[in-house]
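Welcome to this short tour. Open your viewer, get ready to select residues, and follow along one stop at a time.

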Amino acid sequence: MKPLARTALPLTALVLAAGAACAPGTSGGGDSAKDDKSGTLRVWLFQEVNNGPKKKVMDAAVDTFEKAHDGAQVKIEYIPVETRAEKIKAAFNDPKSAPDVIEYGNTDTAGYVKDGGLADVTKEFGAWDEAADTDPTAKESVTVDGKIYGAPYFVGVRALYYRTDVLKDLGVDVPKTQEELVATAKKIHKEKPELYGLAVGGAYTYGAMPFIWANGGELADKKGDSYTSAIDSPAAQKGIKAYTSLFGDTNCPAAKCAAMGGNDTVTAFASGKAAMAIGGDFSHQAMEDGAVKGKYAVVPLPGVKQGDIAPAFAGGNNIGVLKSTSHRTLAVDLMKQLAGKDAQRALFSGMGFLPTYTDVRQDVAKEEPFVAPFVKTLGAGAKFVPASPGWAQIDASQVLPTMFQEIVSGRKDVKAASGDAAKKMDAAFGAAG
C-alpha cells in the first residue's frame, strides 16, 4: 500500500471506532421512496495525506460511470479522516444533506447498520459478477446478520518485518514459530540492548490479536443475535500471555512500550530502534523512507506450530450506499464502479491499497514482491472483529489496551485482567442489543 500515507484505516480502526462511539445519536434514517435515474450523486471519500493519486483514480472511475449513465453526474467530496464519524452520523440524521455513497471503515459496518444509515445491497452484490472473487474476510466486513451493506474497497493486513543485517550479524534464523519469535526477540535485545528485539505496544490491539487467534482464542463468540466475550477463555489467555511476555527488560521495557500503539512500533523499526516489528502492507513506505531501507525483509507472522501463519486482523475500508439516497440504482452502480476491479488495480498502483479481490491481489503480488507475504497471510485466513455495534464502544473504551497494560505493569495477572475485560465487553455487547 502506498503504503497508506495516513497509516491506513486498518491501522487506525481503533480511532475510527472511537470517533463513531462519540458521535451523536441518530434517528434511524429511512428508505427513500424515490429512485431517480438521473441527476447529481454526492460521494464522500476519505482525504489522504497525499490525495492526488486517489483523486486521479476516482476521477477516472467517475468518468467511466458518467459515460455509461446518461444524465447522471457525480460530485466527490474528500472529507477529513479525523472528523468523519460525526459528519457521517449527522448525515444519517439529515437525509436532505446526506451523500448517496460513502467510504467508511470496515469496523464501523455494524454500527452504521444499527443506526439505519446504510442500504441493504445483498441482492445487487449477489448479482455482481466481480463480487464472486471477493476475499471471504473482506466480504465479512460488509456483512451484518447475513445481509450485505456495501462493497469492500481495500484491505490491510500485518506481517513480521525483520532486520536482515541484525539477524545475520547474530547468526539468528528467521523465527518459524511464536515460541522462536519470543526467544529471538529476547536474544537480540540481550546482544544488542540498544534495540528492541521485537517492538510491541500495550495499545497495539491489532498487533496482539494474532497471538490470541494463533493460540486458538477468540475475541468473542456469537450467541444468537448477539456476542459474548471470549477474551478470558483458556486459549485466549494463552495468547495474551505470549504477547505480554514480550514486555519487560528482556525485550521491550514496559515503561516505554506499554503505551505504544501500532504507529509507534512501526516508527521504532523504521528508525532503526527495533530489530523486528509487526507492521502492515501499508507500513512499507515508512520503512523505505526510514533508516532501515535495504536492510529488512518481511515474512508472515509465525503461528504456534512451524509452518503455521498466525491469523491477522483484516482491516480496510468499504464503499456503501446510504439508505436515504433518492438515486438507489445509480448509487449502487457507482459503488460497483468505485470499488470494482479496475479501480482497485489502479488504487494499488497509485496508493498501494491492497485489493479485496483474490485474483487481482495475486496479480499485483507478481508485480510488487513486497506484497507477497501479506497476500500469503490473507490466504492463510485473516480474521475480523465481532460484527456488533458494541465493538465500537469496546474500542472507544480501550478495553483491550487497558487489559494489556494492566498485565505488563504488574497490576493484575492475566486471569484477572482478562476477566475484567470480558465483563466490560459483555456489557458493551449487551447494550448494543
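Start by selecting strand 1 (residues 39-46) and strand 3 (residues 101-105): they run parallel and are joined by two bridges. Strands here are DSSP E runs of at least two residues, helices are H or I runs of at least four, and both are numbered from the N terminus. Two strands count as paired if DSSP finds at least two bridges between them.

A word on what you are viewing: this is a predicted model, where local features need pLDDT of at least 70, side-chain atom pairs count only at pLDDT 80 or more, and totals for chains, interfaces and linings use all residues. Residues are numbered from 1 along each chain as its sequence is written, and side-chain values use heavy atoms, leaving out hydrogens and water.

Next, click on Trp44, which stands opposite Ile102 in strand 3. Contact means heavy atoms within 4.5 Å.

Zoom out to see the open sheet: its five strands are ordered 2-1-3-12-6, with mixed pairing. Which are the edge strands? They are strand 2 (72-79) and strand 6 (151-156), each pairing on one side only.

Move on to strand 7 (residues 158-163), where six of six residues are buried, meaning under 20% relative accessible area with a 1.4 Å probe, protein chains only. Five bridges join strand 7 to strand 10 (residues 276-280), and the two run antiparallel. Look for Arg158 opposite Gly280 in strand 10.

Last stop: select Trp391, whose contacts beyond four places in sequence include Tyr206, Met425 and Phe429.

Definitions and conventions:
Buried means under 20% relative accessible area, exposed over 50%, partly exposed in between (1.4 Å probe, protein chains only).
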